[in-house]
Amino acid sequence: MTIQHIIAEQAPAAIGTYSHAVRAGDTLYLSGQVPLDPTTMKIVEGTEQQIIQAFENVKTIVEAAGGKLENTIKVNIFLTDLSCFALVNQVMGRYFKAPYPARAAIGVAALPLGSEVEIEAVVHLG
């Protein structure tokens with residue numbers, strides 16, 4: 001099996017010791033993406049905008065790896081406030097159509113850079 005590390009030029013630069021994603025065979029494993037604006041490298045303002053930006057960052061990385069968001073197998077969404085769950089569903093519906101990928105929404109105490117949301121995914125590239 002071939003392993004390839006993906007660094008997406010159009011996505012926000014990694015803020016730690018990780019690749020944006022790693023391709024192992026036909027599967028792409030994305031690192032968690034917080035809602036950093038790739039131009040300013042600052043967290044965007046507002047809960048809905050943060051969710052949108054995190055999904056946009058995921059989409060950018062998937063496309064940089066030659067994939068399509070519609071081939072996402074699993075999404076993990078980390079939230080500092082689970083009362084935003086309905087808003088996550090609403091925004092996620094803009095990026096995915098039925099049948100939806102498997103998903104977990106996990107409440108956490110804090111996220112990097114004070115973000116309200118972090119999203120990671122597994123995508124089939126084959």
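Reader: In this predicted model, which residues form a nonpolar patch on the surface, and with about how much accessible area together?

Author: The model is a predicted one. Its nonpolar surface patch is formed by Ile15, Tyr18, Met41 and Leu113. Together these residues have an accessible area of about 350 Å².

Reader: What is the phi of Leu113 near?

Author: Most residues other than glycine have a negative phi. Leu113 is a residue other than glycine with a positive value. The phi of Leu113 is near 60°.

Reader: How far apart in space are Gly114 and Ile43, C-alpha to C-alpha?

Author: Gly114 lies in the loop between strand 5 and strand 6, and at 58% relative accessibility Gly114 counts as exposed. In sequence, Gly114 and Ile43 are 71 residues apart. In space, their C-alpha atoms are separated by 8.0 Å.

Reader: How many Å does helix 1 reach from its first C-alpha to its last?

Author: Helix 1 covers residues 47–64, which gives 18 residues. At 1.5 Å a residue, 26 Å is expected, and the helix comes close to that. From first C-alpha to last, helix 1 reaches 26 Å.

Reader: Which elements do the buried residues of helix 1 pack against?

Author: The buried residues of helix 1 include Ile51, Phe55, Val58 and Val62. The elements they pack against are strand 1 (3–6), strand 2 (21–24), strand 3 (27–30), strand 4 (72–79), helix 2 (85–95) and strand 6 (117–124).

Reader: Which residue just after helix 1 takes a positive phi?

Author: The phi in question is about 90°. The residue that takes this value just after helix 1 is Gly66.

Reader: Which residues does Lys68 touch, not counting residues up to four places away in sequence?

Author: Lys68 lies in the loop between helix 1 and strand 4. Its C-alpha is 7.6 Å from that of Leu125, although the two residues are 57 apart in sequence. Leaving out residues up to four places away in sequence, Lys68 touches Val62 and Val123.

Reader: Within what arc do the buried residues of helix 2 fall, seen down its axis?

Author: In an α-helix, residues three or four places apart point the same way, because there are 3.6 residues a turn. The buried residues of helix 2 are Val88, Val91, Met92 and Tyr95. They line one face of helix 2, because, seen down the axis, they fall within an arc of 105°.

Reader: What do these buried residues of helix 2 pack against?

Author: Val88 and Tyr95 are among the buried residues of helix 2. The packing partners of this buried set are helix 1, strand 4 and strand 5.

Reader: How far apart are the closest N and O atoms in the salt bridge of Arg94 with Glu48?

Author: Side chains of opposite charge can pair when their charged atoms come close. Arg94 forms a salt bridge with Glu48. Arg94 lies in helix 2 and Glu48 in helix 1, so the pair ties together parts that are 46 residues apart in sequence. The closest N and O atoms of this bridge are 2.6 Å apart.

Reader: Which peptide bond is cis?

Author: Most peptide bonds are trans. Pro99 has its place in the loop between helix 2 and strand 5. With omega near 0°, the cis peptide bond is the one from Ala98 to Pro99.

Conventions
Residues are numbered from 1 along each chain as its sequence is written. This is a predicted model: local features need pLDDT of at least 70, side-chain atom pairs count only at pLDDT 80 or more; totals for chains, interfaces and linings use all residues. Side-chain values use heavy atoms; hydrogens and water are left out. Helices (H or I, at least four residues) and strands (E, at least two) are DSSP runs, numbered from the N terminus. The expected span of a helix is 1.5 Å times one less than its number of residues. Buried means under 20% relative accessible area, exposed over 50%, partly exposed in between (1.4 Å probe, protein chains only). Contact means heavy atoms within 4.5 Å. Patches are made of residues with over 30% relative accessible area and no salt bridge: like charges are joined within 9 Å, nonpolar side chains (Val, Leu, Ile, Met, Phe, Trp, Tyr) within 5 Å. Accessible areas come from the Shrake-Rupley method with a 1.4 Å probe; for residues, only the protein chains shown count as cover. A salt bridge is a side-chain nitrogen of Lys or Arg within 4 Å of a carboxyl oxygen of Asp or Glu. The arc is that of the directions from the helix axis to the C-beta atoms.
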